[in-house]
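Trainee: I have a model open and would like to learn how to read it. Please take me through it feature by feature.

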Amino acid sequence: MKQLTFDSLYHINAAGCTSSSLYTAVANKMLFSKPSKALIRCDISLDAPYIFVEIDELAQLDRVTRCLLMLSHLLEQVDIATLRQTNRISQIVFLLPVDEIEQPLISDETLAELLQECIAEQIPAYSQMPTCDLTTINNDTLVIAVDSCNSYQYVSEQAKRCTVQVLNGPPGVIYGEGGYALLIHPQGKLTAQLYDGQMTAQLAQANCTSQDRYLFAGEQSLTWQKKWFAYTQKLYKKGQPLIECAELATTIGHQGNANSLAALTLAQSYLCNPLTRSLELVFAIFNAPNEQLVKISRSEK
C-alpha cells in the first residue's frame with residue numbers, strides 16, 4: 001500500500017474554480033457536455049458526433065492555447081510566494097500533455113517564460129512530464145496538471161483504443177479539460193492510500209462496503225460497468241441498493257493527464273464540504289491505465 005498527504009490548492013474546469021461548485025456539480029449529476037459538430041468514426045458502420053465538455057471561455061481556441069491559458073491562471077492564483085516563505089514548497093512538478101509524437105505540447109522555453117511572468121521572486125526548481133506516480137514525489141512539492149482533451153484530433157485518436165461517448169451511443173468516455181494545483185506535504189489535510197493487486201483484492205484490503213462513497217474517475221463503458229458490478233457483488237447484504245458512484249468524468253469530462261489530480265480535488269470537495277461533515281472517507285476509482293482504488297480521508301496530522 002502506498003500513501004501521500006496533500007492539499008488541493010486551486011482548480012479550474014467546466015464547473016468553475018471553487019470546491020463547493022465542484023461538489024455541487026458532481027453530487028447533483030450536473031452535465032456540462034454537448035455534442036460536437038464534427039463526426040468521428042465509432043466503428044466500421046457508424047459515424048456520429050462525440051460528446052465533450054469545454055470551459056466556455058476557451059471555446060474556439062486550439063489545444064495549446066487552452067492549456068497555456070489554464071496554466072497561466074493556475075500560477076496566478078496559487079500563492080507560491082507564501083508557500084515558499086513557510087518552507088512548504090521545494091519544487092514544482094508540471095504534468096503537461098504531449099503531442100502525437102510524444103513531444104511536450106508546451107515547450108520548456110515557453111514554460112520558463114510563463115513562470116517568469118507569474119512568479120516575481122526566484123523561481124523554484126521545476127520539471128515537466130506527461131504522467132507520474134504521485135506517491136513517488138517528494139514532500140513539499142507543488143504539482144500542477146493541465147490538459148485539454150476535447151479536440152476532434154484528440155478524441156478521434158482515443159476512439160481507436162476505447163469507447164468514446166457519441167450522440168445516442170452506448171456508455172463511453174466523455175472528454176473535457178481542466179487544470180489543478182496540488183501540494184504534497186506532511187501537514188496536508190487529506191491522506192490518500194493506494195492499494196495493490198486486482199480490484200477485488202484492493203476492495204478487500206480497504207474494507208470497502210456497499211455503503212461507502214465512491215467517486216468514479218476512470219473511462220466509462222458498458223464493459224467497465226459489468227466488471228464493476230462483478231467486483232462489488234460480495235459487498236452487498238440482502239436488500240441493499242446498488243452502489244451509485246459519483247461520476248467525475250461524466251460530469252466535467254475525462255481530463256487526460258490531469259485526471260488523477262481532478263479526482264483528488266473532487267475528494268477534497270466532498271470531505272471538506274459543510275454539507276458532508278459526517279463523511280469520513282471516500283474512495284476514488286480509476287480503470288485506466290490500470291484499475292486502481294484510492295482511499296481518501298482526513299489526515300490525522
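**Reading the sheet**

Mentor: Strand 4 (residues 91-95) and strand 6 (residues 141-148) pair in the parallel sense, over 5 bridges. Within that pairing, F94 stands opposite I144 in strand 6. Before going on, note that this is a predicted model: local features need pLDDT of at least 70, side-chain atom pairs count only at pLDDT 80 or more, and totals for chains, interfaces and linings use all residues. Residues are numbered from 1 along each chain as its sequence is written, and side-chain values use heavy atoms, with hydrogens and water left out.

Trainee: What is a strand here, and what counts as pairing?

Mentor: Strands of a sheet pair through backbone hydrogen bonds, either parallel or antiparallel. Helices (H or I, at least four residues) and strands (E, at least two) are DSSP runs, numbered from the N terminus. Two strands pair if DSSP finds at least two bridges between them.

Trainee: In what order do the strands of the open sheet come?

Mentor: The order is 5-4-6-7-1-8-12-11-9-10, which makes 10 strands in an open sheet with mixed pairing. Strand 5 (125-129) and strand 10 (246-247) stand at the edges. Each has a single partner strand, so one side of each is left without a neighbour in the sheet.

Trainee: Which way do strand 11 and strand 12 run?

Mentor: They run antiparallel, with 6 bridges joining strand 11 to strand 12 (residues 292-298). F286 stands opposite Q292 in strand 12. The two strands form a hairpin with 5 residues between them. With strand 9 (residues 214-216), strand 11 pairs in the parallel sense over 3 bridges. There, A284 in strand 11 is the bridge partner of L215.

Trainee: Is strand 11 mostly covered or exposed?

Mentor: Mostly covered. Of the 6 residues in strand 11 (residues 281-286), 5 are buried. Buried means under 20% relative accessible area, exposed over 50%, and partly exposed in between (1.4 Å probe, protein chains only).

**Helices**

Trainee: How do I describe two packed helices?

Mentor: Two packed helices are described by the angle between their axes and the distance between the axes. Here, the axes of helix 2 (residues 63-77) and helix 4 (residues 108-118) come within 10 Å and cross at roughly 35 degrees. Axes are lines fitted to C-alpha atoms, for helices over the stretch in contact, and angles run from 0 to 180 degrees between N-to-C directions.

Trainee: Which residues of helix 2 and helix 4 meet?

Mentor: L68, L71, S72, L75 and E76 in helix 2 meet T110, L111, L114, L115 and C118 in helix 4. Contact means heavy atoms within 4.5 Å. Helix 2 also lies across strand 1 (2-12), strand 4, strand 6 and strand 7, running at about 150 degrees to strand 6.

**Aromatic rings**

Trainee: How many aromatic pairs does the structure hold?

Mentor: It holds 9. Rings of Phe, Tyr and Trp (its six-membered ring) pair if their centres lie within 6.5 Å; planes under 30 degrees apart count as stacked, over 60 as edge-to-face and the rest as tilted. Take Y50 and F52: their ring centres are 5.7 Å apart and their planes are at 55 degrees, so the pair is tilted. Both Y50 and F52 are buried. For Y154 and Y175, the centres are 5.6 Å apart and the planes at 80 degrees, so this pair is edge-to-face. Y154 lies in helix 5 (residues 152-158) and Y175 in the loop between helix 5 and strand 7 (177-184), so the pair ties together parts that are 21 residues apart in sequence. Y154 counts as buried at 16% relative accessibility, and Y175 is buried at 1%.

Trainee: Which residues form one aromatic cluster?

Mentor: Y214, F216, W224, W228, Y231 and F283.

**Backbone exceptions**

Trainee: What should I look for in backbone angles?

Mentor: Most residues other than glycine have a negative phi, and most peptide bonds are trans. K29 has a positive phi, near 55 degrees. K29 sits in the loop between helix 1 (19-27) and strand 2 (33-43), and is exposed, with a relative accessible area of 52%. D140 also has a positive phi, near 60 degrees. D140 is in the loop between strand 5 and strand 6.

Trainee: Where is there a cis peptide bond?

Mentor: Between A288 and P289, with omega about 0 degrees. P289 is in the loop between strand 11 and strand 12.
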